[in-house]
Amino acid sequence: QVQLVESGGGLVQAGGSLRLSCTASGRTSSSTAMGWFRQAPGKEREFVAAFRWSAYYADSVKGRFTISRDNAKNMVYLQMSSLKPEDTAVYYCAADPTGRASVYVRNYDYWGQGTQVTVSS
């Protein structure tokens with residue numbers, strides 16, 4: 001089992017920055033792929049970024065968001081810059097012990113409870 005807890009969400013003005021954190025516990029290792037997804041009201045959950053040995057990004061956030069991980073601390077981060085109102089969503093941390101670093105929700109076995117990010121115009 002893997003437990004994930006996100007933090008760092010909040011309200012920010014357009015153009016601002018936020019850093020989300022995800023604390024992982026349980027059966028994780030450096031080979032576990034970690035991902036960030038988001039879900040806006042009335043929309044499906046969508047891929048944002050993933051990391052195993054390399055980072056992968058959705059086109060909508062490429063160049064603005066950076067995913068990173070600290071294996072020693074079992075932490076994953078999402079640094080978000082140049083935020084836009086359309087980035088408003090609940091952001092979820094996810095883990096795939098098989099290490100696929102997939103863009104698909106179905107490939108992640110473990111999820112956090114989510115943290116709200118609201119970007120005002």
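A residue counts as buried when its relative accessible area is under 20%, and as exposed when that area is over 50%. The exercises below use this cut-off on a predicted model.

**Exercise 1**

Decide whether Tyr108 is buried or exposed.

*Solution.* Start with its place. Tyr108 sits in the loop between β9 and β10 (110-111). Next, take its relative accessibility, which is 4%. The cut-off for buried is under 20%. Tyr108 therefore counts as buried.

**Exercise 2**

Find which residues are in contact with Tyr108, leaving aside its neighbours within four places in sequence.

*Solution.* Contact means heavy atoms within 4.5 Å. Go through the chain in order. Tyr108 touches Ala33, Met34, Gly35 and Phe37, and also Ala50. Further along, its contacts include Ala94, Ala95 and Asp96. Ala101 and Ser102 complete the list. Now take one partner, Ala33. In sequence, Ala33 and Tyr108 are 75 residues apart. In space, their C-alpha atoms are 8.7 Å apart.

**Exercise 3**

Locate the disulfide of the structure and say what it ties together.

*Solution.* A disulfide is a covalent bond between the sulfur atoms of two cysteines. Search the whole structure: one disulfide turns up. Its partners are Cys22 and Cys93, with sulfur atoms 2.1 Å apart. Check this against the cut-off, which is within 2.5 Å. Then read the angle about the S-S bond. It is -75°, and the link of Cys22 and Cys93 is left-handed. Now place both ends. Cys22 belongs to strand β3 (residues 18-26) and Cys93 to strand β9 (residues 89-96), so the pair ties together parts that are 71 residues apart in sequence. Both Cys22 and Cys93 are buried.

**Exercise 4**

Work out which elements make up the protein and how its radius of gyration compares with the globule rule.

*Solution.* Count the elements. There are zero helices and eleven strands. Read from the N terminus, the order is β-β-β-β-β-β-β-β-β-β-β. The radius of gyration is 13 Å, close to the 14 Å that the globule rule gives for 121 residues, so the protein is as compact as a globular protein of that length. For the extent, follow the C-alpha trace: it spans about 40 × 30 × 25 Å along its principal axes.

**Exercise 5**

*Solution.* Take the residues first. Then take the surface.

Terms used:
Residues numbered from 1 in each chain as written. Predicted model: local features only at pLDDT ≥ 70, side-chain atom pairs only at ≥ 80, totals over all residues. Heavy atoms only, no water. Helix = DSSP H or I, 4+ residues; strand = E, 2+ residues; numbered from the N terminus. Rg over C-alpha atoms; globule rule 2.2 N^0.38 Å. Buried < 20%, exposed > 50% of the residue type's maximum accessible area, 1.4 Å probe, protein only.
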